[in-house]
Amino acid sequence: MSILYNTDETLRERVTEGLKDEFKHNAIRTAQEVFYTKRGELVKEMGIGWQQLRMHATEVRNHVTDNLDYYVKQFAENAEANGCIMHYAPTGDDALWEVLDIFEKHGASYAVKSKSMMTEEVGLNEVLEETGITIIETDCAENILQTAGSKPSHIVVPALHFDREAIMKIYKEKRGYDGSSVPEEITHFLRKILRKEFMDAEVGIRGCNFAVASTGSVTLVTNEGNGRMVDSFPKVQIVFVGIDRIVPDLESLDTMLALLPRSAVGAKMTAYFSLDSGPRGAGEVDGPEEVHIVLMDNGRHTLANSEFSDMLRCMRCGACLNICPVYRHITGHGYGSIYPGPMGIVLTAGLVGYDDIDSMAFACSLCGACTEHCPVSIPIHDLIRQHRINIVEQGKNHAIEVPIFKALALMWSNVDVYNYAMKMGTPVMKKLAHGEDALAKDSAWIPVVKGWTSTRDFDCLSETRFRTWFKEHKKQQGGGK
Ligand code: SF4
């Protein structure tokens, strides 16, 4: 499974790297502000209706998680009745074998692909390339990443970390582009080279935002026309569907589609929406002759039966990334997972366990902004806290933390030691602060404290303790003790 990348670096190293990248910070700040403002306006416009929609979507998604096997079966049967060929993949490796089989059966070696997190999750591109199959990303941002050899830094706007100058340079170096950095000019160039790829491709590979159980249909929500080209030009189509993508019927799909673009990019709807039910029918002029649906579990059932089952409601809108103060600073690449940000912490740990994820679950301030903004009310920060509890209970936290917290617990549970520490705290801090009211940058030599003071001041303890102040206050008011 290739959810993780840059695993030879620690979280601290990746974060240190990310913190230095001023361009990435500015790009993320701008994107967060734009998405957040636009989403806020639409939410305001809907008034109480927004919360009702959230509640309804939460109920629908919970209902599917609670009856997962029923809906997986219903969707598979209906998709099959539509003429699709179903492949059930319990693991990512199973999904890869199924795909390789399809290519082999058709003797195919050339494919176009539209954006799909499930294919990222199993590392499809790398595997196909290793076996000599050419796979072309046709989503503009994904094509930039593929050409640059880079990883996505956001689940909705994956090439957020490149500006127009960098993109121009990438295409000049790798694809012979000779134009300017004007975005329209670059996209015209891309359109021209991709046209031929669409025409030549033998297989189209795509993801699926939601799969409708009652009709056996798969949907695609995009802002570029590439998705439709991928699902209508090549004769063979492979659709990757996570079993958590299923909704019961078209009515519930409607609810999800009202929430998704508003939460993702602050838009009422996207430019393109496709609802595909099976291969090209008799008399139809376009569409694939053969549709394969890879229905992938890859840890979803395990999640559904765990304390993290709420996470299966996630519709990958990215709203939690767009509001997260930690994501803003450490950037998507800081997490080292194809699922970054708050949702990424919960999902990555839920799918790969705690052994390989370093300290990712601790890259969160637990402010709860993600939970507040999630369109399907996932208690994201609570789930992150639960991961931390599990990590500590399983003894997978840093060894040094154990004696430190034991010593602190001992100190704070003894009233005399606590009072003494509080009494001594103020003069000691004042001394370290050279008589000022806060420890500043020049205190960055103090271990542990430097994590804070190297970038901001740390206020000294007040000379008047709250208990003393409260006693005085009561006295002045003529109150009791
Ligand atoms: S956790 Fe919620 S806000 Fe974050 S991507 Fe998933 S649905 Fe969107």
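1. What distance separates the centres of domain 1 and domain 2, taken over C-alpha atoms? The two centres lie 54 Å apart. Domain 1 covers 69–302 and domain 2 covers 401–476, with bounds that come from an automatic or database domain assignment.

2. The model is predicted: local features need pLDDT of at least 70, side-chain atom pairs count only at pLDDT 80 or more, and totals for chains, interfaces and linings use all residues. Residues are numbered from 1 along each chain as its sequence is written.

3. Helix 1 (residues 11–20) and helix 15 (residues 325–335) have axes that come within 8 Å and cross at roughly 130°. Helix 1 is therefore oblique to helix 15. Helices (H or I, at least four residues) and strands (E, at least two) are DSSP runs, numbered from the N terminus. Axes are lines fitted to C-alpha atoms, for helices over the stretch in contact, and angles run from 0 to 180 degrees between N-to-C directions. Angles under 35 degrees count as roughly parallel, over 145 as roughly antiparallel, 65 to 115 as roughly perpendicular and the rest as oblique.

4. On the helix 1 side, Arg14, Val15, Gly18 and Leu19 meet His329, Ile330, Thr331, His333 and Gly334 of helix 15 (contact: C-beta atoms, placed from the backbone, within 7 Å).

5. An open sheet contains 4 strands in the order 8-5-6-9, with mixed pairing. Its edge strands, each pairing on one side only, are strand 8 (246–247) and strand 9 (272–276). Strand 5 (residues 211–212) pairs with strand 6 (residues 217–222) in the antiparallel sense over 2 bridges, where pairing requires at least two DSSP bridges. Ser217 in strand 6 is the bridge partner of Val212.

Conventions: Two residues are in contact if their C-beta atoms, placed from the backbone, lie within 7 Å.
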